[in-house]
Amino acid sequence: MTVGEVKARASSGAVLLMGRGVALQALGFLGNLALARLLVPEDFGIVAIGLTIVNVGRMLAGAGLGSALIGRTEPPARTELAALMGLQLLITGAVAAATGVVALTVGGDAPVTALMVLALPLITLRAPALLLFQRQLQFLAQLKVEIAETVVYLAVAITLAALGLGPWALAIGLLVRALTGTTVALSLSPGARVA
């Protein structure tokens with residue numbers, strides 16, 4: 001990209017990122033209001049454990065590994081993207097497997113957490129696409145991924161909560177959210193489809 005293209009993309013990206021934050025916060029707020037009417041506090045407590053493990057797993061898998069590929073001069077090779085995703089899949093798969101074993105051993109409501117953590121490997125599959133979006137300053141593509149997954153999550157979670165599934169509604173919603181975001185990211189960035 002030329003210097004002018006970088007400046008134009010960066011300035012439009014700043015506007016998109018600010019608007020994205022406001023739009024997603026508003027959407028999340030309205031969705032959480034609806035969910036708060038449909039679920040009891042215990043349901044949110046059960047889901048909080050799963051979300052904590054998902055966030056820790058994402059942090060462990062990310063750990064800034066892709067940052068070096070974003071900022072360097074030459075574009076990342078497919079083998080580098082595949083290696084990065086493979087390492088992240090190994091980490092997230094291990095977290096998901098360990099969580100599943102513990103959750104099934106504990107029983108009770110713990111399997112909700114195991115289902116939620118299955119989203120980690122799905123989220124990892126989009127890592128090369130997100131890396132390429134950031135490298136190419138494609139903020140609109142990132143926004144499309146985030147909006148699609150948020151809208152689908154809220155639609156699924158609210159519908160299932162209204163049907164009486166309790167914390168399972170949020171767990172299933174998170175899994176569908178991960179699948180949606182990954183599908184949209186890979187459809188917008190065919191070059192990121194690596195094995």
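A helix here is a DSSP run of H or I, at least four residues long, numbered from the N terminus. With that in hand, let's start. One caution: this is a predicted model.

Take Ile172 to begin with. Ile172 sits in helix α9, which covers residues 167-188. Ile172 and Leu115 are 57 residues apart along the chain. Their C-alpha atoms are separated by 7.4 Å.

Now the inside. In soluble globular proteins, nonpolar side chains tend to be buried together. Here the largest nonpolar core has 24 residues. Leu35, Met116, Val117 and Leu170 have the most contacts inside that core. Which elements give two or more residues to this core? They are α2 (41-62), α4 (78-106), α5 (110-117), α6 (119-124), α8 and α9. A second core is separate and has 16 residues. Leu69, Val145, Val184 and Val194 are among them.

Back to Met116. Again I leave aside neighbours within four places in sequence.

Start with α4. Its 29 residues should span 42 Å at 1.5 Å a residue. The end C-alpha atoms of α4 are 41 Å apart, which agrees. The buried residues of α4 include Leu81, Leu84, Met85, Gln88, Thr92 and Val95. An α-helix has 3.6 residues a turn, so residues three or four places apart point the same way. Keep that in mind as you look along the helix. After α4 comes Gly107, with a positive phi near 75°.

Then α8. Its 24 residues should span 34 Å, and its end C-alpha atoms are 34 Å apart, which agrees. Phe139, Val145, Glu149, Tyr153 and Leu160 are among the residues buried in α8. Just after α8, Gly164 takes a positive phi of about 95°.

Side chains of opposite charge can pair when their charged atoms come close. How many salt bridges does the structure hold? Two. In one, Arg126 pairs with Glu149, and the closest N and O atoms are 2.8 Å apart. Arg126 lies in the loop between α6 and α7 (127-135), and Glu149 in helix α8, so this pair ties together parts 23 residues apart in sequence. Both Arg126 and Glu149 are buried.

In the other, Arg177 pairs with Glu149, with the closest N and O atoms 3.8 Å apart. This pair links distant parts of the chain: Arg177 in helix α9 and Glu149 in helix α8, 28 residues apart. Why does Glu149 count as buried? Because its relative accessibility is 8%, and buried means under 20%. Arg177 is partly exposed, with a relative accessible area of 25%. Through shared partners, the salt bridges join Arg126, Glu149 and Arg177 into one network.

Last, the surface. Leu27, Ile147 and Val151 form a nonpolar patch there. Together they have about 210 Å² of accessible area. Ile147 belongs to helix α8, residues 139-162. Ile147 is partly exposed, with a relative accessible area of 37%.

That's the tour. Thank you.

Note on methods
Residues numbered from 1 in each chain as written. Predicted model: local features only at pLDDT ≥ 70, side-chain atom pairs only at ≥ 80, totals over all residues. Heavy atoms only, no water. Patch = residues over 30% accessible without salt bridge, like charges linked within 9 Å, V, L, I, M, F, W, Y side chains within 5 Å. Areas by Shrake-Rupley, 256 points an atom, 1.4 Å probe, with all protein chains shown as cover. Salt bridge = Lys/Arg side-chain N within 4 Å of Asp/Glu carboxyl O. Buried < 20%, exposed > 50% of the residue type's maximum accessible area, 1.4 Å probe, protein only. Core = buried A, V, L, I, M, F, W, Y, C linked by side-chain atoms within 4.5 Å. Contact = heavy atoms within 4.5 Å. Expected span 1.5 Å × (residues − 1).
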